[in-house]
Each structure stands twice: as structure tokens, then as C-alpha cells.
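The stops below follow one another as selections.

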Amino acid sequence: MNLTEQVIRSFQNIENERHRFLITTFIKKLHEYVRETEPSEQEWEQAIRFLTETGKLCHEQRQEYILLSDVLGVSMLIDQILHEKNEVQTPSTVFGPFFIDNMPIRPFGSSIISDDAAAPPLLVRGKITDIEGNPVAGARIDVWQTAENGMYSGQDPHQSTDNLRGVFLSQEDGSYAFQTILPVSYPIPDDGTVGKLMAYAKRSVWRPAHIHFKIEADGFQGLVTHLFLEGDEYLQNDAVFGVKDRLIVRYSEEKADDTSRERYGLNTDYRLIEYDFILTGDESRER
């Protein structure tokens, strides 16, 4: 019995079959990698230091390991494997490292801007439906995005924690709406281990402008996705490989009118994005 077989055998007492499979398969592939590459002790120590430094950078409002998973394409590979067979549901994409839980539940059509913003208002609205087009009422919609300086609250100490973040509930007809500003392209954090790796590989650290959505509803699979802005220069070169064609949207320039004033309190000209999200029922889960 070789070493790899010995190590795999030592984990056979794990009772959960799925967990046993995941751990022992990882060991097998890791040992295959080591045999193929034959790293020196110095190289392996350097790899361990890299992982150690990555862990030290992680805290409640920053997850360097998620960022590492993103830039290595692992996050999108998992997303592809889990969702590639569902062609009707709104495409999912990477979760990203900047989500903050327990943000305030805001009224329909209200603004997620807590701090001053110079940009014109953007109204985002649409419906949450099932794959047959029926409205999904009461869906919880977490939204978050960057400020005009390309940084998220929690990442930027000068922003209020709830700035450009919020939770909305879809109405009886499935509709949702909120006010914000246009997101901007931004570089992923390059002051940590992931940034060092990207610089060493001479890779772009930029992401195209986008708004994050995390949508949950009783009886439906959760959806984590973005809306990307059409025409962004980084759509074809996203540092985390997260762009999908169906998630690219165009905004329009709108004039304030009686409807925008009465329904959304918009007294000035504004920008508009309209997008419907399609959820899949839990019964469609393959696993």
C-alpha cells in the first residue's frame, strides 16, 4: 500500500458518505498534484505561507479566500456545474467577498443611498417570477454595490455600513423597485495575497460595473447574481470570470413625471434599469 492509499484509508471512518468522498478525493488529487509537480520543500513552505497569510486577512467584512476562489475560476466553475442545465432561471454568478448580512429592510421603491452621492439617481425595477412567469410574492432581495469611488461599505471606512445596501420584499404581483446610483468598474483588493498573485501573473484586477443580488423565497432555490452595465470596458476581461450575457443590461435616461414622483418620490430626471428575475422551485433540485 502506497502513502496515498494509507492516507485515504485513514479517513474511511467518516460516517457521512458525501463528506468522506469529498475529503478522500481531495487527498487523492492533492497527492497527484504533488507527484506531478515535485515541489521543493522551499516551494511547499512558500505555498503554506501564502495560505496562512490569506487566512489572516479574513474577517467579517473581508473574505480573502472567497476572492482567491474567484480569481482562480473555482467559484464560477462550481456555479457552472450547479446551474448550467437550467436555461430558464436567471443565470447565477459569483457571490463575492463583500456581502454584509442583516442590512435594513427598506420600503418598496426607496433608496439604498445612506451617504451623499453626486451621481444622478438610478431606479431599478422589475418582477420576481417562477419559470412559468407566475409572480413570486414576499421574495427577500438583498442588494449591494460600490459607491462612486469604486469601494463597498465595510471595505471603505468612510462609508456608512448600510450605504448602497438594503433588503427589499417583492410585492403581491412579484414587483420590486429600489433607488441607487450607477455602479462603477473597480479593482478587486490588491493589498493582500490575491493582489500579489494577480500582480505576479500580470493579470488585470478590474471588475466591470455591477449590482449584486441575493434573492430568496419560500419554495424556491436561492439565486445569487449580478446585473452588469452594457458597454463597460471590462465585460470581456472580468478578474473573476463572472460575466454572463443574460446579466448585461442597458439603462435609459428618463424624465421625472407624475408617476415617478408619486410612486418613487423621484422629483428629478433619473436613470432606469428594468429586469425580471426568474427563480426555480426547490423541487427542481437534482441534489
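Begin with Glu38, in the loop between helix H2 (17-37) and helix H3 (41-56). Helices (H or I, at least four residues) and strands (E, at least two) are DSSP runs, numbered from the N terminus. The model is predicted, local features need pLDDT of at least 70, side-chain atom pairs count only at pLDDT 80 or more, and totals for chains, interfaces and linings use all residues. Residues are numbered from 1 along each chain as its sequence is written, and side-chain values use heavy atoms, with hydrogens and water left out.

Check the backbone of Glu38: its phi is near 45°, a positive value in a residue other than glycine. Glu38 counts as exposed because its relative accessibility is 64%. Here buried means under 20% relative accessible area, exposed over 50%, and partly exposed in between (1.4 Å probe, protein chains only).

Next, select Thr193 in helix H6. Is Thr193 buried or exposed? With a relative accessible area of 2%, Thr193 is buried. Leaving aside neighbours within four places in sequence, Thr193 is in contact (heavy atoms within 4.5 Å) with Phe50, Glu53, Thr54, Leu57 and Glu64.

Show H4 and H6 together: Glu64, Leu67, Leu68 and Val71 in H4 meet Thr193, Val194, Leu197 and Met198 in H6. The two axes come within 9 Å and cross at roughly 25°. Axes are lines fitted to C-alpha atoms, for helices over the stretch in contact, and angles run from 0 to 180 degrees between N-to-C directions. H4 and H6 are therefore roughly parallel to each other, a label for angles under 35 degrees.

Follow the chain out of H6 to Lys202, in the loop between helix H6 (193-200) and strand E6 (206-207). Lys202 has a positive phi of about 55° although it is not a glycine. Lys202 is exposed, with a relative accessible area of 75%.

Now select Ile128, Phe178, Phe213, Ile215 and Phe277, the residues with the most contacts inside the largest nonpolar core, which has 32 residues. Such a core is a set of buried Ala, Val, Leu, Ile, Met, Phe, Trp, Tyr and Cys residues joined through side-chain atoms within 4.5 Å. Elements that give two or more residues to it include strand E1 (122-130), strand E4 (175-180) and strand E8 (223-229). E8 gives the most, with 4 residues. A second, separate core of 11 residues includes Leu68, Val71, Met76 and Val94.

Finish with residues 124-152, where UniProt, in an unreviewed entry, places the feature "domain: Intradiol ring-cleavage dioxygenases"; such annotations may be inferred rather than shown by experiment. This stretch is 0% helix and 41% strand, with its end C-alpha atoms 19 Å apart.

Terms used. Angles under 35 degrees count as roughly parallel, over 145 as roughly antiparallel, 65 to 115 as roughly perpendicular and the rest as oblique.
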